[in-house]
Amino acid sequence: MKSAVCHGPFRIPCQLNISHWFCGNGRVYAIWLFCGSMHNPAAWFPLLGDCACVAPWLAIQPCKCPLCRRENTVLVPAEASTRQRDDPGAAEVLKKLREEPGDCPGHRRCWVHWDPHGRSAPQGGFKVSIIDNLDNSVPEAVDRVRELVGDELSKNLQFHLGDLRNRQDLEDLFSQRKFDAVIHFAGLKAVGESVANPRRYFDNNLIGTINLYEVMAKYDCKKMVFSSSATVYGQPEKVPCIEDFELRAMNPYGRTKLFLEEIARDIQKAEPEWRIILLRYFNPVGAHESGKIGEDPKGIPNNLMPYIQQVAVGRLPELNVYGHDYPTRDGSAIRDYIHVMDLADGHIAALRKLFVTEDIGCTAYNLGTGCGTSVLEMVAAFEKASGKKIPIKLCPRRPGDATAVFASTEKAEKELGWKAKYGVEEMCRDQWNWASKTLGATSPSLKIPTCRSPSRTNPV
């Protein structure tokens, strides 16, 4: 990757602390890693940027970031603009910019220019390399992202077939180009399957990540955003969880995440130049608003929402609900669900934080809505969004599951400038938009086993 200067202008698609977007030295490339999780590419789509060339009718203005005090630039309305006369939409946008100028201290929706070197270009965002072993995904996911972003931005996206457990695959990738940061999603993530087959989880999640650290260190890439999990909290004594709670994972999957957090802390302590952010969250759901990219795992789904959508489109006859006698408001387990686009924004905010905070060390942040939703409440919300009745079968509790876990996100709001924008209603709306457009009539039916087995068929 020869150049990684993030030229403006590009559009910030959500309300973020602007300083997190244009602090730093302009080098903002990343490699995203997957191992069976690329079936929901909406998680990494935003890295490519939401670009628009608006420079002809905006002017550059100096700005000093309050976080790092570096001099940067922002775009403000240009008073004399032929574009404003010619483009009916320009006047409205310019009015908004005048009302909400793009100064650093703002938490505003606005157009900004990020280029410490004073250059400009019609492109923005990151250059992204993906490595995936396609264990639970398909190459078509990448094709659909290319379709959405267009030919020009597609040049910023590369896909590599590989497995983190094979160190040579990582050597081949890192030897081709210089990377500044890694966002590490690569891992198996089903609680029930991990109980039934823990060695598979130790092999994939632990060995793959250790290989990754070794290769990153060799090639002097020492910034990582690691997707951990709120399962590291186990069954907390109270909710919502905060980041300094005792960690006591209850199942093999959760323990792999806990082990990897400890490994990250040990590495950073021994080698202080590492900057690592650990993101803890539960149950990403929803899809990209276009309905073109979303989650469609192979076989029987492991998680609640993909399972519900397959019942809705006729692939599966009913939803197994594991546990209906928990001490909760309706007897089903309570979790914090997060829209995948909110989650993507959270990872980008964490990546920005790594570039601007030299003493970040190894720090954990919770991502979520901060509110718990029960399994049966989520089923009801999906029925409302889809207009479909979801038949359910009440089954015994699943080994390794907690009663209620959801997290406080105050630390992420304060330090990352991130906050979830979407609620359960929007999650179900976008999930159904994706499912109805993509899975629909061509979906093959699947054979569902009985609900007694705590295997990879347990969704909730």
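1. Is Lys218 buried or exposed? Lys218 counts as exposed, because its relative accessibility is 51% (buried means under 20% relative accessible area, exposed over 50%, partly exposed in between, with a 1.4 Å probe and protein chains only). The points below place this residue and others in the predicted model.

2. Basis of the note. The model is predicted, so local features need pLDDT of at least 70 and side-chain atom pairs count only at pLDDT 80 or more, while totals for chains, interfaces and linings use all residues. Residues are numbered from 1 along each chain as its sequence is written, and side-chain values use heavy atoms, with hydrogens and water left out.

3. Confidence. The average pLDDT of the protein is 75, and 68% of the residues score at least 70 (pLDDT is the predictor's confidence in each residue, from 0 to 100). Over residues 1-91 the pLDDT stays under 50, and the model has 313 contacts beyond four places in sequence for them (contact means heavy atoms within 4.5 Å). Residues 96-124 also stay under 50 in pLDDT, with 103 contacts beyond four places in sequence.

4. Overall architecture. The protein contains 13 helices and 18 strands (helices, H or I with at least four residues, and strands, E with at least two, are DSSP runs numbered from the N terminus). Of its 460 residues, 58% are buried. Among contacts between residues at least 6 apart in sequence, 81% join residues at least 24 apart. The accessible surface comes to about 18,700 Å², and carbon and sulfur atoms account for 50% of that area (Shrake-Rupley method, 1.4 Å probe; for residues, only the protein chains shown count as cover).

5. In one of them, Glu171 pairs with Lys218, the closest N and O atoms being 3.1 Å apart. This pair links distant parts of the chain, with Glu171 in helix 5 and Lys218 in helix 7, 47 residues apart. Glu171 is buried, at a relative accessible area of 12%, whereas Lys218 is exposed at 51%.

6. The Phe174 and Tyr219 pair is tilted, because the ring centres are 6.1 Å apart and the planes stand at 35 degrees. Phe174 belongs to helix 5 (residues 167-174) and Tyr219 to the loop between helix 7 (198-218) and strand 9 (223-227), so that the pair links parts of the chain 45 residues apart. Phe174 is buried at 3% relative accessibility, while Tyr219 is partly exposed at 25%. Phe174, Phe179 and Tyr219 form one aromatic cluster.

7. Aromatic pair between helix 11 and helix 13. Phe382 and Trp432 form an edge-to-face pair, with 5.9 Å from centre to centre and 85 degrees between the planes. Phe382 lies in helix 11 (residues 375-386) and Trp432 in helix 13 (residues 424-438), so the pair ties together parts 50 residues apart in sequence. Both Phe382 and Trp432 are buried.

8. Further salt bridges. Glu377 and Arg329 meet through their side chains at 2.5 Å, N to O. Because Glu377 lies in helix 11 and Arg329 in the loop between strand 12 (319-322) and strand 13 (334-335), this pair ties together parts 48 residues apart in sequence. Glu377 is partly exposed, with a relative accessible area of 30%, and Arg329 is exposed at 53%. Asp163 and Arg165 form another salt bridge, with the closest N and O atoms 2.8 Å apart; Asp163 is buried at 14% relative accessibility, and Arg165 is partly exposed at 34%. A network of salt bridges links Glu261, Glu262, Arg265 and Arg280.

9. Charges over rings. Arg335 lies over the face of Phe282, at 5.5 Å from the ring centre (NZ of Lys or CZ of Arg within 6 Å of the ring centre and within 35 degrees of the ring normal). Lys411 lies over the face of Tyr365, at 4.9 Å from the ring centre.

How values were computed:
Phe/Tyr/Trp six-rings, centres within 6.5 Å; stacked < 30°, edge-to-face > 60°. Salt bridge = Lys/Arg side-chain N within 4 Å of Asp/Glu carboxyl O.
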